[in-house]
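Hello,

I am passing on a structure that may be new to you. Please have a look at it first, and then read my notes below.

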Amino acid sequence: MKHTASSSAARSDAPALRKVLGWSLMVAIGATVAASLVVSLATRAIAQTAPAAPAPVAAVPSAPSPSSNLAPVLASTMAHSCAACHGTNGDLGDEYFMPLAGMPVQQFVRTMTDFREGKRAATLMGHVARGFTDADLQAMGEFFAAVKPLSVAAQGAQ
């Protein structure tokens, strides 16, 4: 009888455990996004304050745009900001988050651009996408396209 009671108690604790795990995941996601944005902004600030060659008097400096990349960062480094939700190298193997490993480059770029421009509804991804330039998205798309999904790799090994 005691065994049944403990099994019943464990089942009643399952929603609480899911809630704790959900909040833990949200904290991890928030920390990852914040860290990636801080690194991106700090890198750009350093690049902007670095001494540059004198510009011609007639030239007017333009403001950075999403299509310019002032301080290129390795795509594999930028891809780490996706790991909290999409798994290491974009291969989480979970039905809740889109797998990024093996995704075609243009699909990744188009999806991220849609998030950035608000054409695709999202709670978090719009904020994340605004942290990347067009060149960043292209580089990350190429990185994820080159990653062989673990599920495919496991099937090939059998």
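**What I found**

The largest nonpolar core has 16 residues, and those with the most contacts inside it are Leu100, Phe108, Met112, Phe132, Leu137, Met140 and Phe144. Here a nonpolar core is a set of buried Ala, Val, Leu, Ile, Met, Phe, Trp, Tyr and Cys residues joined through side-chain atoms within 4.5 Å; buried means under 20% relative accessible area, with a 1.4 Å probe and protein chains only. Two or more residues each come from helix 2 (75-79), helix 4, helix 5 and helix 6, and the largest share, 4 residues, is from helix 4. Helices are DSSP runs (H or I, at least four residues), numbered from the N terminus.

This is a predicted model: local features need pLDDT of at least 70, side-chain atom pairs count only at pLDDT 80 or more, and totals for chains, interfaces and linings use all residues. Residues are numbered from 1 along each chain as its sequence is written, and side-chain values use heavy atoms, leaving out hydrogens and water.

Helix 4 covers residues 105-116. Its buried residues, including Phe108, Val109 and Met112, pack against helix 5 (125-129) and helix 6 (134-146). Met112 touches Met125, Ala129, Phe132 and Leu137 (heavy atoms within 4.5 Å), not counting residues up to four places away in sequence. Just after helix 4, Gly118 takes a positive phi of about 80°.

As for disulfides (cysteine sulfur atoms within 2.5 Å), the structure holds 0. For Cys82, the nearest cysteine sulfur, that of Cys85, is 8.7 Å away.

Best wishes

Key
The expected span of a helix is 1.5 Å times one less than its number of residues. Buried means under 20% relative accessible area, exposed over 50%, partly exposed in between (1.4 Å probe, protein chains only).
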